[in-house]
Amino acid sequence: MNLHEWLSLFFEQLMKTSLLEYLAVGFGISEVLLAKRNHIWLYPAGIISILLSMTLLFEAKLYAETLLNTYYLVMSVYGWILWRRRKEQKQLQADWSSRAELTTAILISSGGFIILYLVLNHFTDSDVPVWDAFVASTAWAGMWLLAKRRIENWIFLNISNLFAIPLLIHKKLPMFAVLTTVLFIVAIFGFIEWKGIIKKKNLSPNPAHV
């Protein structure tokens, strides 16, 4: 499929986009903008987006993506609790991952990929098991790091976003593809902004707590 055919398909799908998908995208964009600002309200916005998205993804037979959103839901509740606790205890939030945390994230993504691929390939009617499993497993690792407020979350999430964009277009979910493109761009700025927060903290004798 050439570029012109891709664009034609995209705009054709865009015209058929449901209100539910627009709402899911709207809350999803709010979530990532709040995450970029390192703001705790990213979690309630994200939870609403997740709940709206799960129905649409299941209907599109993106089972790993649906499972991923279930994981997102759990991690969003966990992250919300963790961020509130750290804020109340005035602990510094954003930082680089330790070697152990980074190793855990890599194990989550690689182990998750193997498990998801096997499940999708043998127990579902998915026509994109490799693609779906890869997008979901890298995002799993990213969400775990986000809950920990580790800057590398942006890297894992953007690897997932990069592969998710064409997958969502292929599955005729154009607004989700638009959302993921926005997430990809914002994640780049999120990484830069978090890096500045960490640098400022390391230079200050009395760092501000987020």
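## Residues and helix packing in a predicted model

Phe58 is found in helix α3, which spans residues 42–59, and the model in which it is described here is a predicted one. With a relative accessibility of 52%, Phe58 counts as exposed, because the cut-off for that class is over 50%. Once neighbours within four places in sequence are left aside, Phe58 is in contact with Tyr63 and Thr66.

Is Val25, by contrast, buried or exposed? Val25, whose place is in helix α2 (residues 19–36), has a relative accessibility of 3% and so counts as buried. Not counting residues up to four places away in sequence, Val25 touches Met175, Phe176 and Leu179. The C-alpha atom of Val25 is separated by 9.6 Å from that of Ile50, a residue 25 positions apart from Val25 along the chain.

Most residues other than glycine have a negative phi. The phi of Arg149, however, is near 55°, which is a positive value in a residue other than glycine. Arg149 is also buried, with a relative accessible area of 3%.

### Two helix pairs

Two packed helices are described by the angle between their axes and the distance between the axes. The table gives these values for two pairs.

| Helix pair | Angle between axes | Distance between axes |
|---|---|---|
| α2 (residues 19–36) and α8 (residues 174–203) | about 5° | 9 Å |
| α5 (residues 99–123) and α6 (residues 129–147) | about 150° | 8 Å |

At an angle of about 5°, α2 and α8 are roughly parallel to each other, because angles under 35 degrees are classed in this way. The residues of α2 that take part in this contact include Val25, Gly28, Ile29, Val32 and Leu33, and among those that they meet in α8 are Met175, Phe176, Leu179, Val182 and Val186. By class, the contact of α2 with α8 has 16 nonpolar, 2 polar and 3 charged residues. Val25, described above as buried, is thus one of the α2 residues that belong to this contact.

How are α5 and α6 oriented relative to each other? With their axes at about 150°, α5 is roughly antiparallel to α6, since angles over 145 degrees fall in that class. The crossing in which α5 passes α6 is right-handed. On the α5 side the contact includes Ile108, Gly112, Phe113, Leu116 and Tyr117, while the α6 residues that they meet include Ala133, Phe134, Ser137, Trp140 and Trp144. Sorted by class, the contact of α5 with α6 comprises 15 nonpolar, 6 polar and 2 charged residues.

### The chain overall

The helices named above belong to a chain that contains 8 helices and 0 strands, and its elements run α-α-α-α-α-α-α-α from the N terminus on. Of the 210 residues in the chain, 48% are buried. Among contacts in the chain with a separation of 6 or more, 76% are accounted for by residues 24 or more positions apart. The accessible surface of the chain comes to about 11,000 Å², and 69% of this surface belongs to carbon and sulfur atoms.

Notes. Residues numbered from 1 in each chain as written. Predicted model: local features only at pLDDT ≥ 70, side-chain atom pairs only at ≥ 80, totals over all residues. Heavy atoms only, no water. Helix = DSSP H or I, 4+ residues; strand = E, 2+ residues; numbered from the N terminus. Buried < 20%, exposed > 50% of the residue type's maximum accessible area, 1.4 Å probe, protein only. Contact = heavy atoms within 4.5 Å. Areas by Shrake-Rupley, 256 points an atom, 1.4 Å probe, with all protein chains shown as cover. Axes fitted to C-alpha atoms, helices over the stretch in contact; angles between N-to-C directions. Parallel < 35°, antiparallel > 145°, perpendicular 65-115°, else oblique. Left-handed = near helix turned anticlockwise from the far one by under 90°. Nonpolar A, V, L, I, M, F, W, Y, C, P; charged D, E, K, R; others polar.
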